[in-house]
Amino acid sequence: MEALTLSLVKAVPALGAAPLWAVSLLLMVASGVVVLVFALTFEGVGSLVLRKVAGDIQARIGPNRVGPNGILQFLADGVKLVLKEDIVPAKADALLFKLAPYLVFVGSFAAFVVVPFGVGLSAADLNIGIYYVMAVTSLVVIGVLLAGWASNNKWALLGGMRAAAQIVSYEIPVGMALIPAVLIAGSLSLQDIVRSQGGLFGLFGWNLFHNPFTFFSFFLYFTAAQAETNQTPFDLPEAESELVSGYNVEYSGIRFGLFFLAEFGDMFIVAALATACFLGGWNVPFIRAEALPGIWGSLLSLGVFLGKAFAMVLVMMWVRWTLPRLRVDQLMRMSWKYLVPLTFVNLLGVSLWLLVFDGKGIPELIASLAG
Amino acid sequence: MTARPEALPTQEMTINMGPQHPSTHGVLRVILTTDGEVVTRAVPDIGYLHRALPDIGYLHRALEKIGERVTYAQFMPFTDRLDYLAAMNCNCAWAWAVEKLAKIEVPERAEFLRVIVCELNRISSHLIAFGSYTADMGAFTPFLYAIRERERVNDLFEMICGNRLTYNYARIGGVSGDAPPGFLEKTKEFLDYFEPKIDEYNNLISYNKIFVHRLANVAVVPAAEAVAYGLTGPNLRGSGVSFDLRKDEPYSVYPKFDFKVCVGTGERGTLGDCFDRYMVRINEMRESVKIVRQALAMIPEGPVLAKVPRVFKPPVGEVYVRTECPRGETGIYAISDGSTNAFRLKIRTGSFVTMNIFEKITKGLMIADIVAVIGSFDIILPEIDR
């Protein structure tokens with residue numbers, strides 16, 4: 001941060017008069033705004049894409065009226081959500097009821113801060129990046145639980161309870177499945193993890209292909225993360241056909257909108273973590289983006305990162321429109337009886353691999369054999 | 001699931017599932033008593049005096065009473081609303097009953113047309129059963145696929161009788177009109193289009209692991225119990241009982257056709273579970289396709305409506321006619337006192353009888369299973385709350 005501030009002061013001499021902390025603060029606010037704008041745009045467009053994907057999969061059209069091909073539909077939806085009546089049920093716990101959507105949104109949005117969008121492109125390159133993501137996304141569970149409890153509606157309560165049980169359970173396999181990437185990079189910083197996957201092997205430099213255990217890890221992570229973000233087939237907290245709409249059943253207008261936006265935010269975070277930890281992040285096969293002159297390296301890496309992440313988001317949408325929903329006991333069984341033990345075994349496997357082969361991945365081993 | 005240590009007493013909760021609930025297939029109200037997610041008791045509140053309770057059903061329209069008040073022919077449009085997803089079958093059931101009561105001879109072509117529309121309606125009804133069931137299980141896509149196919153059946157029905165939901169085609173003594181030019185060819189085209197789709201459904205969802213796990217071994221109805229509780233149609237056959245009125249008490253021109261009675265086999269779990277009931281419907285669609293194909297090939301020329309006066313007086317007597325509707329036996333019991341309208345009318349429907357066993361088999365299941373049970377019985381509320 002300090003280096004960034006100093007370089008900013010150097011680039012814009014007019015800032016030199018201001019104290020350093022003020023410039024730092026300005027930088028923080030600015031990057032926060034940029035990330036917020038990105039998050040909101042993604043979440044809006046995400047809702048549109050979701051419906052387009054649904055349209056394709058379900059042999060129907062999807063939005064096609066507002067703007068060319070319906071691309072302005074999400075703006076219309078946004079306006080509609082803002083203008084709709086804001087209802088707080090008479091017997092709800094008004095304070096908690098109103099607080100809940102903010103917690104959920106903040107929990108989801110705060111994770112965007114450390115997403116390594118490109119070479120040097122993240123709002124904050126925290127040295128505890130992954131740890132931070134795991135921590136702040138946990139806010140979501142408090143928000144959802146509050147929403148379910150404060151609504152004073154039994155369906156909402158069931159939804160809230162399901163959400164609490166589900167998110168808390170699946171956080172363990174999610175975290176455990178991400179640790180192999182941390183072990184390989186030797187750092188919790190997402191930028192470091194991405195950098196560790198560069199090199200000369202192109203696609204095969206990715207953690208996904210580092211060793212058999214990381215390959216498996218990726219799928220464990222993706223399954224568990226689907227559950228942590230309440231995506232189908234794990235959308236039990238909402239479970240429209242069982243719990244009517246679950247924890248958000250009493251919410252209207254923009255309060256509902258915040259839950260909705262957070263859901264898309266979570267989808268992106270999951271995809272971004274998968275990209276950063278397993279799919280090489282912003283690394284472009286055979287090109288060293290860091291070495292490109294000027295802004296090009298950042299732009300190229302940004303495009304590649306977003307491309308990979310959006311592809312993952314599309315996969316999530318595809319799964320969402322294909323699979324039915326698990327039952328709550330099956331969900332718990334899957335986490336505690338299968339995913340948790342498997343991720344632990346996997347972690348052990350990765351550790352042993354790193355120990356035995358001195359941290360080298362399969363491509364490196366093959367290369368050293370050939371060379 | 002119900003066993004719990006006494007040291008951890010839990011408070012039971014009463015929840016109304018329905019009448020406004022996306023998965024109660026109409027306006028069913030189920031009063032759930034739950035211990036967390038586990039349902040300790042699920043009482044369907046099907047209204048009217050059927051349970052000797054003073055609350056009137058949400059849908060109740062006193063159809064049977066209306067039937068005693070209007071002439072036999074005038075009651076025909078009310079049967080459309082008996083089961084709005086199988087209006088053709090209900091139409092025909094009424095026609096067959098009155099024709100038997102009044103001893104009216106029906107032209108053979110009319111009977112063939114009736115069988116064709118009844119079987120097409122069975123397909124479209126089972127499509128909704130299949131689609132809404134998958135939607136209940138959280139998979140929305142198959143629902144829209146089912147609707148897509150059903151639209152084509154609706155096109156056919158619109159062609160033949162002008163309606164897309166409350167079809168009103170059967171008449172006492174035949175059908176309202178001959179098949180319009182091109183109808184029979186279009187029906188064949190539909191069958192050719194539709195038959196491969198059944199495999200598509202099976203690939204997409206029927207054997208999906210999650211789907212199977214949600215249905216297999218859930219709410220098992222043993223054969224003896226299914227019979228004892230009076231279950232009929234796919235719900236009875238799902239328990240492995242091979243009983244189909246089209247075969248066992250043949251009516252109309254059904255004996256002319258070669259088809260199989262689909263029964264549950266316990267292929268993915270216990271015989272008589274939700275999956276078996278689901279698969280019976282999927283397989284029955286194939287058999288219906290078979291029947292319609294044969295009917296199209298064998299349909300004779302000739303008139304489609306017997307000469308029946310608009311207002312007629314059947315002789316004094318009574319009749320009970322049972323027909324195989326998509327939701328089980330639809331039986332019409334009518335007593336004639338020799339006047340223009342029935343002296344007494346009682347209608348027996350599949351969904352209503354099915355609700356008898358609901359409370360018994362839902363004990364100890366989870367909330368999500370209740371949805372699975374309602375869907376597997378493929379109930380429709382106008383039949384329950386007539």
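Let's start where the two chains meet: 34 residues of chain B are in contact with 25 residues of chain A. Keep in mind that this is a predicted model. Putting the chains together buries about 2500 Å² between chain B and chain A, and carbon and sulfur atoms give 63% of that area. On the chain B side, the residues that lose the most area to chain A are E37(B), T141(B) and I210(B); together they make up 20% of what that side buries.

Now for the polar part of the interface. There are three salt bridges between chain B and chain A. Polar contacts across the interface of chain B and chain A come to 13 residue pairs. As for which parts of chain B do the touching, strand 1 (13-17) brings the largest share of that side, five residues. Several helices of chain B each supply at least two residues as well, including helix 4 (108-136), helix 5 (141-161) and helix 14 (367-377).

Next, have a look at the surface of chain A. W21(A), L25(A), M28(A), V29(A), V33(A) and V37(A) form a nonpolar patch there, and together they have about 620 Å² of accessible area. Pick out V33(A), which you'll find in helix 2 (residues 20-57) of chain A. Is V33(A) buried, partly exposed or exposed? Its relative accessibility is 47%, so V33(A) counts as partly exposed, since that label covers what lies between the 20% limit for buried and the 50% limit for exposed.

Definitions and conventions: Residues are numbered from 1 along each chain as its sequence is written. Chains are lettered from A and ligands numbered from 1 in the order in which they are written. This is a predicted model: local features need pLDDT of at least 70, side-chain atom pairs count only at pLDDT 80 or more; totals for chains, interfaces and linings use all residues. Side-chain values use heavy atoms; hydrogens and water are left out. Patches are made of residues with over 30% relative accessible area and no salt bridge: like charges are joined within 9 Å, nonpolar side chains (Val, Leu, Ile, Met, Phe, Trp, Tyr) within 5 Å. Accessible areas come from the Shrake-Rupley method with a 1.4 Å probe; for residues, only the protein chains shown count as cover. A salt bridge is a side-chain nitrogen of Lys or Arg within 4 Å of a carboxyl oxygen of Asp or Glu. Helices (H or I, at least four residues) and strands (E, at least two) are DSSP runs, numbered from the N terminus. Buried means under 20% relative accessible area, exposed over 50%, partly exposed in between (1.4 Å probe, protein chains only). Contact means heavy atoms within 4.5 Å. Buried area is the accessible area (1.4 Å probe) that two parts lose on being put together, summed over both. A polar contact is a pair of N or O atoms within 3.5 Å; within protein, one must be able to donate a hydrogen and the other to accept it, and residues adjacent in sequence count only if both atoms are side-chain atoms.
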